[in-house]
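Have the sequence and the model open side by side as you read.

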Amino acid sequence: MELKDDMIIKAIIENDENIYKYFYQKLFGIVAKFVIANNGTYDEAEDVFQDAILVITEKFRGRKDVLNKKIRVFAMFIGIVHNMWMQRLREIKHYQEVVLPNYTLASENGEMEDFIPSLSVEADEVTKEKIEMVKRSMDKVKDPYRKALRTAIDGGNGKDGANKLGCSEGYYRKMVFQAKTTLAKNIKKDPTYRKYYKIDSGKPKDK
């Protein structure tokens, strides 16, 4: 049975659980194809699909005033997925190019608190500043997300990481991704980042 837009919105307003099964049946294949075609995985497609469901639910829940308006709900949903995934890709790229190299440099030499003071006087001051920047930003990531990210950085991927934290693999993956996104955002707000990187692109400033 095909549902019209006003029927879909009414179901969301009334918190009818069946409407979410309908969304999955009609749209998940499209979402999965889009995410996989844009450097994602099937699991990540499921994550972004669920996040988009939450967004569209919040948009319409309790809004009976929209029932008489012409709204293409599925087109809106796909638009939410597109914007959400593109934003995640930008954050992941930033994490991989700026955050991880500096964090790895510290973690390979032990905990940051121990490593930073041990650098020689001749050590690159820029390297010191960047490592301290990552440490400050990492400290602002709340547990259990920070713990999940540190587990992932130490090689705890998939089931191994989930087992270490005593949670499901899906929840562990979601925590790691959220931690990466939060860490990247924290770093962008740090004065050291503004000193060495272009805010709009994440690329190093010209010397």
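## Thr57 and its neighbours

Start with a polar contact: a polar atom in the side chain of Thr57 sits 2.7 Å from the backbone oxygen of Ile53. A polar contact here is a pair of N or O atoms within 3.5 Å; within protein, one must be able to donate a hydrogen and the other to accept it, and residues adjacent in sequence count only if both atoms are side-chain atoms.

This is a predicted model, where local features need pLDDT of at least 70, side-chain atom pairs count only at pLDDT 80 or more, and totals for chains, interfaces and linings use all residues. Residues are numbered from 1 along each chain as its sequence is written, and side-chain values use heavy atoms, with hydrogens and water left out.

Thr57 is part of helix H3, residues 42–60. Helices are DSSP runs (H or I, at least four residues), numbered from the N terminus. Thr57 counts as buried because its relative accessibility is 6%; buried means under 20% relative accessible area, with a 1.4 Å probe and protein chains only. Leaving aside residues up to four places away in sequence, Thr57 touches Ile12 and Tyr20, where contact means heavy atoms within 4.5 Å.

Is Asp51 buried or exposed? At 16% relative accessibility, Asp51 counts as buried. Not counting residues up to four places away in sequence, Asp51 touches Met84, Arg88 and Lys174.

## How H2 meets H3

Helix H2 (residues 18–37) packs with H3 at an angle of about 130°, and their axes are 9 Å apart. So H2 is oblique to H3. Axes are lines fitted to C-alpha atoms, for helices over the stretch in contact, and angles run from 0 to 180 degrees between N-to-C directions. Angles under 35 degrees count as roughly parallel, over 145 as roughly antiparallel, 65 to 115 as roughly perpendicular and the rest as oblique.

On the H2 side, the residues in this contact include Tyr20, Phe23 and Leu27, while those from H3 include Val48, Ile53 and Thr57. By class, the contact of H2 with H3 has 14 nonpolar, one polar and two charged residues. Ala, Val, Leu, Ile, Met, Phe, Trp, Tyr, Cys and Pro count as nonpolar, Asp, Glu, Lys and Arg as charged, and the others, Gly among them, as polar.

## H7 against H8

Lys147, Ala148 and Thr151 in H7 meet Gly161, Lys164 and Leu165 in H8. Sorted by class, that contact has two nonpolar, two polar and two charged residues.

Terms used. Helix = DSSP H or I, 4+ residues; strand = E, 2+ residues; numbered from the N terminus. Buried < 20%, exposed > 50% of the residue type's maximum accessible area, 1.4 Å probe, protein only.
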